[in-house]
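This note concerns aromatic rings and their surroundings. Please read the points below alongside the model.

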Amino acid sequence: ERGITIKAHAVTLPIRVDGTTYEFNLIDTPGHVDFSYEVSRSLAACEGAILVVDASQGIQAQTVANVHLATEGKLAIVPFVNKIDLPHAHPLDVMGEMEKAFAFDVEEMMLGSAKTGEGVDALFAAVVRRVPPPPGDETPLRALVFDSEYNEFRGVVTYIRLFSGRLRRGDRIRMLGARENYEALEVGKFMPDMKPVAELLPGEVGYVIAGIKRIQDVQIGDTVTHEEGHETVELLPGYKEPKQFVFCSLYPAASEDYEALRKALDRLSLNDSSFSFLPESSPALGFGFRCGFLGLLHMEIVQERLERESDLDLVQTAPTVTYEILLVSEEVVRITSPAELPEPFKIREFREPYVRLSMIVPADSIGNIMKLAESRRGTYQSTEYLSETRVILVYEVPLAEILYDFFDKLKSLTSGYGTMDYEWLGFRPNDLVKLRILIGGDEVDALSSIVHRDKAFRKAKALLSSLKSEIPRHMFQIALQAAIGGRVIARENIVSMAKNVLAKCYGGDISRKRKLLEKQKEGKRRMKSIGRVTIPQKAFLAVLASAD
């Protein structure tokens, strides 16, 4: 729907080049920063990469990061400038950017259009010339697991790339990392649908179905070998597991939907092992789940799939990042929500995650983008001109500051031409505090957040103002408060609904009027003591809207 690839796909194609048929094993990877682990996994399984750059948009921020990954993996890179058939394409400018950014020779760059087919045959010929064929060692069997998916009827389908040896249907295999033995019930290739074959040869890419029941039993990056003689086989260099950096809580809008939400999350985790969920409860929202995601886009996709596929109405809390806390006892703990924060007197140092943020923006937007980055506590690192009109700006920024609306603001300030990519740096100490939100005197964990002390008051005022406009008036007055520790730093009141009880009194003794007012006041007091404040989902989304 949005034109974004979110999952890597593998395909095997027989292609004729100069009268000879070659077998191409291609993996199409996502480019979005949230799914960069898919790129690193795919590169580990390949000898070369076709770098596709849009002739109308030029180099994107994630292009730079992905080229660096491919270069570090010592892959042969074939640059291809695509979409030259578009009326607003400027391929020569894009080639100049690629030459400057990556030191590619202009002679090596290919031009063409995937839509019309122009230049595609020349690209395949270049791949044959420049990308080395895989080595074809016969023994022992060593295959890299680079992806997996769950099939309702056949169990886990494991995607593998053979580095040496042969894998036949019926072979007894061992997963070296998981230390489990299975029988290869079916082996095959993606052409592009799954096509069973008798055996997979050295250098080929395909799949194996071995009756594995749970997707958690397959480790991405594991090595598959034959059960016999596995003791002498070395593990292939795998890669780091994807880490969840963004966390939020999901609650069913109706408490009776809790079990349905659990089943929906279980079902979704079968085909997406990169998100996690644990049960939790909140006094304000009831029972729900604390979920971990790779990034904001990943969070959005999971929530949308849950609502669509399971027809659930969800309440989602504000996203947070992982923080590292050094306690007075010298112990280091990691927390994913403000509710897990230890008491202030136990904390020696509060650390937050930092990223290296690379932004490619038009040259005339530099001033606005630098202001935006500095307002998010960014530290300037470098500026590099790709061309006269496009610049790479690099900042080091706390991850929490770019979490919610930074990308939207970047797009807005650059008229849609800006792109960004970030790279994990680690945890750094900072002056952070827990901003507690109290509604009617009761703390609401789901609305509390961790903020920098300098931004706490401004954030508190914006947040309470949003809550005041979103929470409906009740029959009694509601106090909205923001506090750091035991000190209230901001307050708003939602006035009660009023009824003019004196409307029917056209005259008479003042004591009669006073009696009616006292009766009304007593009723309000009683309602306040037993009344429950209803907080709509809009109020939780207001936390996001007042992020800056």
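1. A charge is taken to sit over a ring if NZ of Lys or CZ of Arg is within 6 Å of the ring centre and within 35 degrees of the ring normal. Arginine 161 lies over the face of phenylalanine 163, at 4.1 Å from the ring centre. Likewise, the charged end of arginine 428 is placed over the ring of tyrosine 354, 4.8 Å from its centre.

2. This is a predicted model, in which local features need pLDDT of at least 70 and side-chain atom pairs count only at pLDDT 80 or more, while totals for chains, interfaces and linings use all residues. Residues are numbered from 1 along each chain as its sequence is written, and side-chain values use heavy atoms, with hydrogens and water left out.

3. Rings of Phe, Tyr and Trp (its six-membered ring) pair if their centres lie within 6.5 Å; planes under 30 degrees apart count as stacked, over 60 as edge-to-face and the rest as tilted. This rule gives ten aromatic pairs. In one of them, tyrosine 258 and phenylalanine 289 are stacked, 5.1 Å centre to centre with 5° between the planes. Tyrosine 258 belongs to helix H5 (residues 258–271) and phenylalanine 289 to strand S18 (residues 286–293), so the pair ties together parts 31 residues apart in sequence. Helices (H or I, at least four residues) and strands (E, at least two) are DSSP runs, numbered from the N terminus.

4. Buried means under 20% relative accessible area, exposed over 50%, and partly exposed in between (1.4 Å probe, protein chains only). Tyrosine 258 counts as buried at 16%, and phenylalanine 289 is buried at 0%.

5. Phe146, Tyr159, Phe190 and Tyr207 form one aromatic cluster.
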